[in-house]
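Trainee: Please take one part of this model and go through it closely. I would like to know what it touches and how it sits in the whole chain.

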Amino acid sequence: MALLIQRPNGTEDVIPKNIYKWHTIEKVAREVAEKYGFKEIRIPTFENTNLFLRSVGETTDVVQKEMYTVIAKESKFTLRPEGTAGAVRLVMQNGLLNEPMPQRLYYILPCFRHERPQAGRLREFHQFGLEMIGSKSPIADAEVISLAKNFIDRLGLKNIALYINSIGCPTCRAKYHEALKDFFEKDKENLCETCLSRLDKNPMRILDCKSTVCSEISSNAPLIIDYLCEDCSDHFEKLKGYLNAMNIEFTVNPKIVRGLDYYTKTVFEFITTDIGAQGTICGGGRYDGLIEQLGGATTPALGFAMGIERLILTMESQGCEFIEPKKCDLYLAPMGENALHRILTIAHGLREEGYWVEYDVVGRSLKAQMKYADKINAFFTMVLGDNELDSNKAMLKNMSTGEQTEITLDENFYYNFSNIAIAGMFRESLEL
Ligand code: HAM
């Protein structure tokens, strides 16, 4: 049978066999974020398009080429291409700027960008991101970077390089833009059409154009780090000092400018070379002007986001351990209607105790039921027929060792099952 409609290009399904990889990332993300005092937020999947125009920036690739925008009853909405804009809108709209600062927020959510799909680059992808709002001190930058590093380490990832840079504030940026304009003016006729339009409006965006010709031209462009004002330079030096004090290795890469317009001062990326061209697993930085740009009082802030698909790809390629998926504790096989009635009570009781219990709901033969129990990797099976009901005893079979243990079907059943199960599972964990 041919499937008539396939999933859209650049999207992925996660089938039950693989979901534990996602659960591993999500569990560690929550644990690490909460250890640093971050609280989870949820934001809508779509926002008013203007939110992204004002924050991500009109001359960015994201806004110019990659947004999924719909017009609904004359309003324009966009599927979020990233989480920061929505998170900041949430903070402002819900009065969180009046709460004690800094606000520490994290999120795990899907994002949408109409990019050319390739390994590690999707049109729907997922981010674990966080934002710290309300501190202008470089110690906040160090704290956020150290959280990202701690998370990466907790996943067991190796050889992930941290690159940092400072892209200054509007004061240093003004002089830098002039220098960039002068530089690109010479090669103006070779720039792509999009970059030509960026030359006057926002020449820094030419630096992260994906076209080969523009990247070639950009390779000798002036560097923002040489144009930093005293305040930005001091901020950057202090951050480097804190990272050294925390024993976090980093390399200053003066070419990192990031693809979103809201950044000021510190920007950073964690990069792996193990998953091909799309090796940036984390990108972030400071955005001290964004809240003001969205109509609020000047409030410094910073954050980062990690691509969950890229994290999984890197973990797989490095052979990192994921949290083991659970398996069925007990498969109950009834023989006959009376046994089935008894099994319903037993299954309910064990599930109340927290066990994963299954029984036949298809009407299979006993042999087929055992085959099924084997397929789902059930830890124990127990067959219940008239004999067992009469004697009030049954055999609990450990499916990996074949060992059978008699168990009474009385009020001690749940207690006895726990003891046998714990002993069996403990033995298996030692043998592994
Ligand atoms: P970003 O660098 O655009 O930053 O994205 C963050 C991460 O999302 C990337 O490092 C990458 O791992 C993942 N990612 C981005 N695009 C794709 C894609 N098409 N397919 C798969 N993964 C992708 C931001 O989004 C900022 N909001 C981060 C931030 C938070 N800055 C401050 N706070």
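**Helix α11 and its surroundings**

Mentor: The buried residues of α11 pack against α1, β5 (103–112), β6 (124–133), α5 (138–154), β10 (280–286) and β11 (301–307). Contact here means heavy atoms within 4.5 Å, and buried means under 20% relative accessible area, with exposed over 50% and partly exposed in between (1.4 Å probe, protein chains only). Helices (H or I, at least four residues) and strands (E, at least two) are DSSP runs numbered from the N terminus.

This is a predicted model, in which local features need pLDDT of at least 70 and side-chain atom pairs count only at pLDDT 80 or more, while totals for chains, interfaces and linings use all residues. Residues are numbered from 1 along each chain as its sequence is written, and side-chain values use heavy atoms, with hydrogens and water left out.

The buried positions in α11 are Ile308, Glu309, Arg310, Leu311, Ile312, Thr314 and Met315. Just past the end of α11, glycine 319 has a positive phi of about 65°.

Now the partner α1. Helix α1 (residues 19–35) packs on α11 (residues 308–318) at an angle of about 110°, and their axes are 10 Å apart. That angle makes α1 roughly perpendicular to α11; the class covers 65 to 115 degrees, while under 35 is roughly parallel, over 145 roughly antiparallel and the rest oblique. Axes are lines fitted to C-alpha atoms, for helices over the stretch in contact, and angles run from 0 to 180 degrees between N-to-C directions.

From α1, Lys21, Trp22 and Ile25 meet Ile308, Glu309, Leu311, Ile312, Met315 and Glu316 of α11. Sorted by type, the residues of this contact are six nonpolar, no polar and three charged. Ala, Val, Leu, Ile, Met, Phe, Trp, Tyr, Cys and Pro count as nonpolar, Asp, Glu, Lys and Arg as charged, and the others, Gly among them, as polar.

As for the whole chain, the domain assignment gives domain 1 (19–169 + 229–318) and domain 2 (330–420), with bounds from an automatic or database assignment. The centres of domain 1 and domain 2, taken over C-alpha atoms, are 49 Å apart.

The protein has 15 helices and 16 strands. Its radius of gyration is 28 Å, well over the 22 Å that the globule rule gives for 432 residues, so the protein is more spread out than a compact globule. That radius is taken over C-alpha atoms, and the rule is 2.2 Å times the number of residues to the power 0.38. Of the 432 residues, 47% count as buried.
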